[in-house]
There are 2 protein chains.
Amino acid sequence: MGKGNQCLLGFDFKVFLMLSVALNVVLISKVLYQEDGDKVNKINMICLDSEGSKHGDAHVSRRRTLSYTTTSNTDVDVHNVEDNSGGDDVIIDLDHGNPAMYEEYWKQKGDEITVVIPGWQFISYFSDIKNICWFLEPEFAKQAIRLHNLVGNAVTQDRHIVVGTGSSQLYEAVLYALTTTDSPEPLSVVSAAPYYSAYPLQTNYRKSGLHRWAGDASNFSTDEPYVEVVTSPNNPDGSIRQAVAKGDKGIRIHDLAYYWPQYTPITHRADEDIMLFTISKSTGHAGSRIGWALVKDPEIAKKMTKYMEISTIGVSKDSQIRAARILQAVSDDYDSISNVNENERFFDYSYNFMVKRWKELKAAVDKSEKFSLPDLPPDTCTFSGQTFEPQPAFAWLKCEEETVDDCASFLRSHNILARAGKHFGASSKYVRISMLDTSYKFKILTERLSKLSSMKS
Amino acid sequence: MGKGNQCLLGFDFKVFLMLSVALNVVLISKVLYQEDGDKVNKINMICLDSEGSKHGDAHVSRRRTLSYTTTSNTDVDVHNVEDNSGGDDVIIDLDHGNPAMYEEYWKQKGDEITVVIPGWQFISYFSDIKNICWFLEPEFAKQAIRLHNLVGNAVTQDRHIVVGTGSSQLYEAVLYALTTTDSPEPLSVVSAAPYYSAYPLQTNYRKSGLHRWAGDASNFSTDEPYVEVVTSPNNPDGSIRQAVAKGDKGIRIHDLAYYWPQYTPITHRADEDIMLFTISKSTGHAGSRIGWALVKDPEIAKKMTKYMEISTIGVSKDSQIRAARILQAVSDDYDSISNVNENERFFDYSYNFMVKRWKELKAAVDKSEKFSLPDLPPDTCTFSGQTFEPQPAFAWLKCEEETVDDCASFLRSHNILARAGKHFGASSKYVRISMLDTSYKFKILTERLSKLSSMKS
């Protein structure tokens, strides 16, 4: 546990508490009691160690932590904290990419976007038996294509859509589709560092003989077949990526989860063989677990579908229908006949939101030379017409001071939880901080970073 | 393809057409054209070969097939067939367990069971961070427990609930939870034949070093640790099962998908370490992909949760909320204050429905000695108070004639698609036929079996 942890996707609420002896950390089963307060404050720590073989553990601390709520209203829990002044002893968890910031937007949209499902609907396993992906709801496929065509971020013609329980399942489905059981050696899977911290674990956790994680694509060269995951914009650093591994027999998976106009200028219609998207990051509906793949080769689409058939017999139809409704609402507001105010349209609203957050973060960090952020070149967005620098869903922060080797530990000591660089195959001088959390947590983050920046070394 | 096929879960629409040269079978990409008719009739064949390495293929036949509809109203497609008289050339597919028969019941319940989800809900990945299974919606957990307590089919006290994308995902989650990456040899997984046809494939398809399918539990004996899957009532034959493998280090997974009072007398509260359930078979909502596990050991529950975190980052909240609403409606009707007519209550309705179907099937089969069905002893149901013979979700039919070695092929030649016994680790003299499909298909089935029974050998 602790330093050795392999964090996944935001569910590793850094187990720093164990290391914090001075703060009288003790282990219990599930609930965190604030021993010195009047109120009980709860958190369940969910972590993966570096071997991927340990499961979630529960920890206790005297400190207060801004944890997630038990309802979908992520602000509720924050306000349940006895003292929400953001005092220095409040721990803010920005390790994972929970897209809480989108909730406010969808609340404003109100009942318009409500989905209604009668009890007799979706009894069947099947959605559309004419389709390779027989559990794909036609309405979801239609709205996904419509949105891509509106935004101009991906070619949808001559593509097969495969829907997944989030893009995580699709990643595993692609690996399954690209491998064969009769191969004597597992297929190597690489991605350029810093790479998404979940890829190594997702590739290896089943100890599969089909594929194995082979690390940083930048140093990878082979005559054998291999898979390269190209995440663009990249998680964690927001950079625009191309394949970099050296070899003639590479197959590429393009993870385009963040290729949406609130995060980065849309510069072209991506036209790759296998492209992954998710509503968790596009519209923020992480709880629905809906991702989709645009796949050129029907044989790959078939084998991905087969994977989903074996592992989960398809994907929730309720969530597909809901996702369709959400995507439809986004597109409708951009229709020429729409009367919706410009800033009430989803991508305008979320773009402006990210502009504001990045401005505030940069203002906090730029006060000194203690921290730095990636320098991402501006470009012109074909969707909005605006020229802007990428404003990623995560801040890839570097601790510049020579005395700070472990940026995550340093921030932890100031009650900021962020994911350590090593989980992304990068230096411990870096951390990944979510930019998509509640306004309350984000405010505390910028205040603290600002304070740290102003302090003398 | 064809005889060598490994069928999964009902998605292997037996590829008999390839063998049917007399009927001029040809392969095309996705669509089946009825060349000699006025109307086009479509089907997409989705199959797994015996190696689990091939994906769905599409086939064509001149014959008409009663395929599934593209909407959730499974009767629509049937009525789209030009001639719905059930003539001998209509192929009826009863290979898989799509629970279409439940649709009529839920339609009768009407708007009462409708679920409404506003656009801003379930943004978060998290449902309840106090719970080991942090993506489990509390309302779903509450209603699942309430229903178990009403029916009396499982102990829920001191159990952890882990929700899954159907019980398929939970099966894999349990295997992950029971194994360790540092074990030199994969753990053996067994189940007594005839066993559910999906288990071997689900255990082996990833070529995992963690576990491997080791076949029929009846012949299995070991000093090493192993896993035995106990399916009770059993799929395919409806029998009540106990663990049978010989060894001191066995861990048992109890798949209780069919332990509900419409299928079998409830005789006791199951009190096993790991019990799996699914709404696909309890209330018929297969499209929602919701299963749940009742788990005694918190460490196993944690590792199952971890599996779901890595593979799909949780389970659709929309479907959990909908499933909660469905389960609530079932329980509400049995409340003492409920005014609902007895036969309008879910388990009464579905019990009576199954009584009727089994009576009709037995009447059709008992006409001769060509076919036989399992002899399942009656018992008294603690839920209903009635004494009855099990009336399983599948008929495990045996072709008794000496001249018929391959019962599935024999039925295929009479345009009935059923899953061959070999896929369940049993003799080819057997087939599994779904008892849960539409009334229209079931009617054709009984008419044909009746006709076959009356024919002279």
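Me: Right-handed or left-handed: which is the link of Cys399(A) and Cys407(A)?
Reply: That link is right-handed, with 60 degrees about the S-S bond. Before we go on, this is a predicted model, where local features need pLDDT of at least 70, side-chain atom pairs count only at pLDDT 80 or more, and totals for chains, interfaces and linings use all residues. Residues are numbered from 1 along each chain as its sequence is written, chains are lettered from A and ligands numbered from 1 in the order in which they are written, and side-chain values use heavy atoms, leaving out hydrogens and water.

Me: How do you know that Cys399(A) and Cys407(A) form a disulfide?
Reply: A disulfide is a pair of cysteine sulfur atoms within 2.5 Å. The sulfur atoms of Cys399(A) and Cys407(A) are 2.2 Å apart, so the pair meets that cut-off. In general, such a link is a covalent bond between the sulfur atoms of two cysteines.

Me: How many disulfides does the structure hold over all chains?
Reply: Two. In chain B, Cys399(B) is joined to Cys407(B), S to S 2.1 Å, and this link is right-handed too, with 60 degrees about the S-S bond.

Me: Why is Cys399(B) called buried?
Reply: Buried means under 20% relative accessible area, exposed means over 50%, and partly exposed lies in between (1.4 Å probe, protein chains only). Cys399(B) has 2% relative accessibility, so it counts as buried. Cys407(B), at 0%, is buried as well. In chain A, Cys399(A) is buried at 1%, and Cys407(A) is buried at 0%.

Me: What makes β11 and β16 of chain B the edges of their sheet?
Reply: Four strands of chain B form an open sheet in the order β11-β14-β17-β16, with antiparallel pairing. β11 (371-372) and β16 (419-420) each have a single partner strand, so one side of each is left without a neighbour in the sheet. Strands here are DSSP runs (E, at least two residues), and helices are runs of H or I with at least four, numbered from the N terminus.

Me: Why do β11(B) and β14 of chain B count as paired?
Reply: Two strands pair if DSSP finds at least two bridges between them. Two bridges join β11(B) to β14 (residues 394-399), so the pair meets the cut-off. Cys399(B) of β14(B) is the bridge partner of Phe371(B).

Me: What makes strand β10 of chain A mostly covered?
Reply: Six of the six residues in β10 (residues 290-295) are buried. Ile290(A), Trp292(A) and Leu294(A) lie on one side, with Gly291(A), Ala293(A) and Val295(A) on the other. Strand β4 (residues 160-165) of chain A runs antiparallel to β10(A), joined by six bridges, and Gly164(A) stands opposite Gly291(A). Strand β9 (residues 274-278) of chain A is also antiparallel to β10(A), with five bridges.

Me: At what angle do helices α2 and α9 of chain B pack?
Reply: α2 (residues 102-109) and α9 (residues 346-365) pack at about 145 degrees, with their axes 11 Å apart. Axes are lines fitted to C-alpha atoms, for helices over the stretch in contact, and angles run from 0 to 180 degrees between N-to-C directions. Contact means heavy atoms within 4.5 Å. Among the residues making the contact are Trp106(B) of α2(B) and Tyr349(B) of α9(B).
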